Amino acid sequence: MPKLTTQDILKLIDGLRAEGFEVISPLRINGVVKLAKLPPGEAPLLDYIRINNSPKDFLLPCRESLYKYRSTATLTSYGLKIRFPTAEGPCPVTIMPECTLPKSKIAFFGIHPCMVNSIRYLDKVMLSDPADPYYKGRRDGMFIAVMECEEGDDYCLCGMLDSYKVPAGYADLMMRKRDGGFLVRAASEGGKGVLALINKTQEKDGVPELVPKMKEKYTFDSTDEAEIDRRDAKEYVELCTLCAACTVTCPTCYCGDIEDEFSLMDPANVERTRLRMSCQRKCYSMIAGGTTFLKTKDARFKWRLKHKFPFSERAYQLKGCIGCGNCIAMCPARIDFRKFLGRREA
Amino acid sequence: MRLAFYSLTSCEGCLTTLITNLGPNLESLWNIFDIDYFKLVREPVGGSKVPKADIAFVEGAVVTNLDRKKLLEIRENSSFVVALGTCASSGNIAFTASRGVKLKNKKLRDVEIFEAEPISSVVTVDFELSGCPVSAEEFTDALLRLINNIEPIQPDYSVCYECRTKGNDCLLEKGRVCLGPLAMGGCGAACPSVGSPCYSCRGPATEADLEAYLKTLEKKGLDKKRAVLMLHMFTGKKAKELLKNGE
Amino acid sequence: MSNELNPYLPRPANVTSVKNESLDTKTLRFRLINWTAPFQAGQFVQLLLPGVGEAPFCIASSQSDPKHLELTIMRRGIVTTASQYLRPGDAVGIRGPLGKPFPVSAFEGKDVLVVATGIGIAALKSLILYLVENRGKFKDVTLLYGARFPEDLVYRDEIRRWSEKIKVIITLSKATPDWAGLRGRVTDHLNEVELNPSTVAAVCGSPAVMTSIADELVNKGLKKENIYVSLERHMKCGIGKCARCLIMGGLLVCKDGPVFRASEIDIRAIGE
């Protein structure tokens, strides 16, 4: 197991860039730690606990164009005219959508195992039949260099969800801190190739598993749908302002919205856009006529947890919660679902 | 379809924003619609100061007796009235600033000054488009929806939603009072993104919960009075309504 | 980029005819341009109106004609309002067929009861047409259709034609004095249908009505797994990627539905 210095890491990243990867790593930007595109020559931030965003922001952007089409619409002062009267026979006008699928080679460098698990969850959702071609375009050929985590903060809970374990096939390089440097081992052929670039070879495997220390320990009694419904969430949502920070910063919240966008100038040129949605927002569960299914803060809080636990387990045999604790740490009121679902251990 | 753009007592910033920020859309707006009046740009068509219009956009708060008279005339001559900007929809800074001040002697010839009110206090408003100044994109969207017989909408999320989407750190965490959780989004969290707290210039969010917000401040040991003071600054009449519901 | 690879892309279609069903409801017929939609009764499509948006609708035509689709649309939201202005020749986009259909082969040799209220009949029309067209495969077939006012009744001509092959019961809950037919809710008239433990029922209507009908049918001895309901949610993607149509139990209306067995879901909670 080779030990690398920061200089080696920089060389390694240059090697990845030479292979055409866009390197994304944790960085401190204006005092905020978040994942961002790593500028050439700059070292990634590898000593951190929590990031403000997640790989989701790169795989499922907040706003993305699905396709464009030229409609037959013209704007009149009495509304959009989409009608084309035909003298004889079928109308020659058709809607022909045009789209270019994203094709990128992303390398996540230095993300924690919990975030790797979030990619696994998004894969399950987005690549299940029929696969989402936009997600797939970004996901294919991805390189993941995992920075193993030693210690969590007050809100981390990967220890109790086992999400500090990196699932098989989800890492190319595994890194952990050791005496001012980094112990790096390749976990895939791609990883071995990158290590070879800097003349480091893989030695014998067999490193002990690193279990991050949790500051607070909880046990969940049951995460059944019936159990979540039965529990009283009143005291938890009392302070909720429905700001939706919990779902925005959650690495596995993938709910979306699709809208048509066009300008007054050229209404025939329409862009169909996918945007993010949150179950904490009113329009999430609104159907035609204005009926909203999730009316109260209480219902929305429970809905989020139901989607994370029982619903995901049923549909994908995988928990939607990867234990990063972002929904607690980013909540202005620090609403803690751990206390709602379980008990704190001494 | 005939449109008219009026201005009551205001900085005329909303109409100026439309002129500057609509860009090339302004031209198509001009070509498609019959614009019978546009304060700053076009004199009223047909001699009447308040021409008949299908949709009237009104910026500014009602402050003087002339404003009141004009607004009533606008309502009479327009089928649909849209309050344009925070002044028109909630009274903005003028609402709070004109209260507790002696206004009796403030008379200039035949202009009398009263406590500022949003236009909804005087006439029925069909739709409110808040923002200080109003956003050109939201204006276009609302106009398109209106002419297509679709109910126009404003964002249903708060400023926090956009702020967190941008990956910012929370200002409340840094011990600063920020109205983000209460404020209507749509601005792209312009202020918090540069480290300046939100003053809720777009009015309260559709599901703003003042009670929960004040309790959150209390939990964090932040100044609740300051929050209420900040809320009064831009949110005008709506702050008053929010506080009434909260207590 | 072909549509097979990108399920988000709509395919072109034109409006060929528009039929007024009631004051706020129209049936639009679409011709698919150079493609076919081999669908099965109960499935839905996403209809894209250029510049307005997309909305899901259950197909309301016979599955024997995959080149044409009919959708019955009631004016309620943005797309449904805009669709009222469509005229023959207008260009639209269609995505589908999507969702799971009614398992009609399992209905064969059994009594079939179709219960629809209000515009819910649009979601069941493809099934009714299948039952009428393949009448010999089923034992007794009954349509129980309820609406509020006489002017709310849709498919009047078709119902007349169907009644030659299947039993049709129509009831109005807010009938005017000149209404000669039955009065009251559909649940008041379930007694008029001969039910046996193997009867299969398909139900669509407002959530509260579906709950009460399903309850009543279970009381009358029907098996829960033989009662099918068609649910409505505002699906955005239609392929299970946006989770907007997630319902209790973690089921997606677009992928696991819109047709569900009453045994699969909590029938009392479909209004939540």
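# Close-up views of a predicted three-chain model

**Figure 1. A salt bridge joins chain B to chain A.** Asp209(B) pairs with Lys297(A) in a salt bridge whose closest N and O atoms are 2.6 Å apart. The pair crosses between chains, running from the loop between α8 (190-193) and α9 of chain B, where Asp209(B) lies, to helix α10 of chain A, which holds Lys297(A). The model shown here and in the other views is predicted. Lys297(A) counts as buried because its relative accessibility is 18%, and buried means under 20%. Side chains of opposite charge can pair when their charged atoms come close.

**Figure 2. Asp209(B) also caps helix α9 of chain B.** At the N-terminal end of α9(B), a side-chain oxygen of Asp209(B) lies 3.3 Å from the backbone nitrogen of Glu211(B). Helix α9 of chain B covers residues 210-220, and its buried residues include Leu210(B), Ala212(B) and Tyr213(B). Leu214(B), Thr216(B) and Leu217(B) in this helix are buried as well. Just after α9(B) comes Gly221(B), with a positive phi of about 70°.

Figure 3. At Lys306(A) the helix bends by about 45°, and Pro310(A), a proline, follows within four residues. Of the 20 residues in α10(A), 16 are buried. Gln317(A), just after the helix, takes a positive phi of about 50°.

**Figure 4. The interface of chain A and chain B.** In this contact, 40 residues come from chain A and 34 residues from chain B. The size of an interface is often given as the accessible area lost when the parts come together. Between chain A and chain B the buried area is about 3200 Å², and carbon and sulfur atoms give 57% of it. The two chains are joined by 5 salt bridges, and one of the salt bridges between them is that of Lys297(A) with Asp209(B). There are also 16 residue pairs in polar contact between chain A and chain B. On the chain A side, the elements that give two or more residues are β3 (32-37), β5 (74-76), β6 (79-81), α9 (245-249) and α10. The largest share of this side, 3 residues, comes from α9(A).

**Figure 5. The interface of chain A and chain C.** Here 52 residues of chain A meet 48 residues of chain C. About 4100 Å² is buried between these chains, with 60% of it on carbon and sulfur atoms. The interface holds 3 salt bridges; Lys236(C) and Asp257(A) meet in a salt bridge, at 3.0 Å from N to O. Among the elements that give two or more residues to the chain A side are β4 (63-70), α3 (113-127), β13 (256-261) and α10. Helix α10(A) gives the largest share of this side, 5 residues.

**Figure 6. Ser7(B) and its surroundings.** Ser7(B) lies in strand β1 of chain B, which covers residues 2-7. With a relative accessibility of 5%, Ser7(B) counts as buried. Its side chain is joined to that of Glu59(B) by a polar contact of 2.7 Å, and to that of Ser10(B) by a polar contact of 3.5 Å. Leaving aside residues up to four places away in sequence, Ser7(B) touches Glu12(B), Leu15(B), Lys39(B), Glu59(B) and Lys70(B). Leu15(B) is itself one of the buried residues of helix α1 (residues 13-21) of chain B. Gly23(B) follows α1(B) and has a positive phi, near 55°.

**Figure 7. Salt bridges within single chains.** Arg99(B) and Glu115(B) form a salt bridge with closest N and O atoms 3.9 Å apart. This pair links distant parts of the chain, 16 residues apart: Arg99(B) is in the loop between α5 (92-97) and β6 (107-108), and Glu115(B) is in strand β7 (residues 111-117). Arg99(B) is partly exposed at 23% relative accessibility, and Glu115(B) is partly exposed at 36%. In chain A, Lys136(A) forms a salt bridge with Asp140(A), with 3.4 Å between the closest N and O atoms. In chain C, a network of salt bridges links Lys19(C), Glu21(C), Arg29(C), Asp65(C), Glu70(C), Lys125(C) and Glu158(C). Over all chains the count comes to 49 salt bridges.

Note on methods
Residues are numbered from 1 along each chain as its sequence is written. Chains are lettered from A and ligands numbered from 1 in the order in which they are written. This is a predicted model: local features need pLDDT of at least 70, side-chain atom pairs count only at pLDDT 80 or more; totals for chains, interfaces and linings use all residues. Side-chain values use heavy atoms; hydrogens and water are left out. The bend at a residue is the angle between axes fitted to the seven residues ending there and the seven starting there. Buried means under 20% relative accessible area, exposed over 50%, partly exposed in between (1.4 Å probe, protein chains only). A polar contact is a pair of N or O atoms within 3.5 Å; within protein, one must be able to donate a hydrogen and the other to accept it, and residues adjacent in sequence count only if both atoms are side-chain atoms. Contact means heavy atoms within 4.5 Å. Buried area is the accessible area (1.4 Å probe) that two parts lose on being put together, summed over both. A salt bridge is a side-chain nitrogen of Lys or Arg within 4 Å of a carboxyl oxygen of Asp or Glu.
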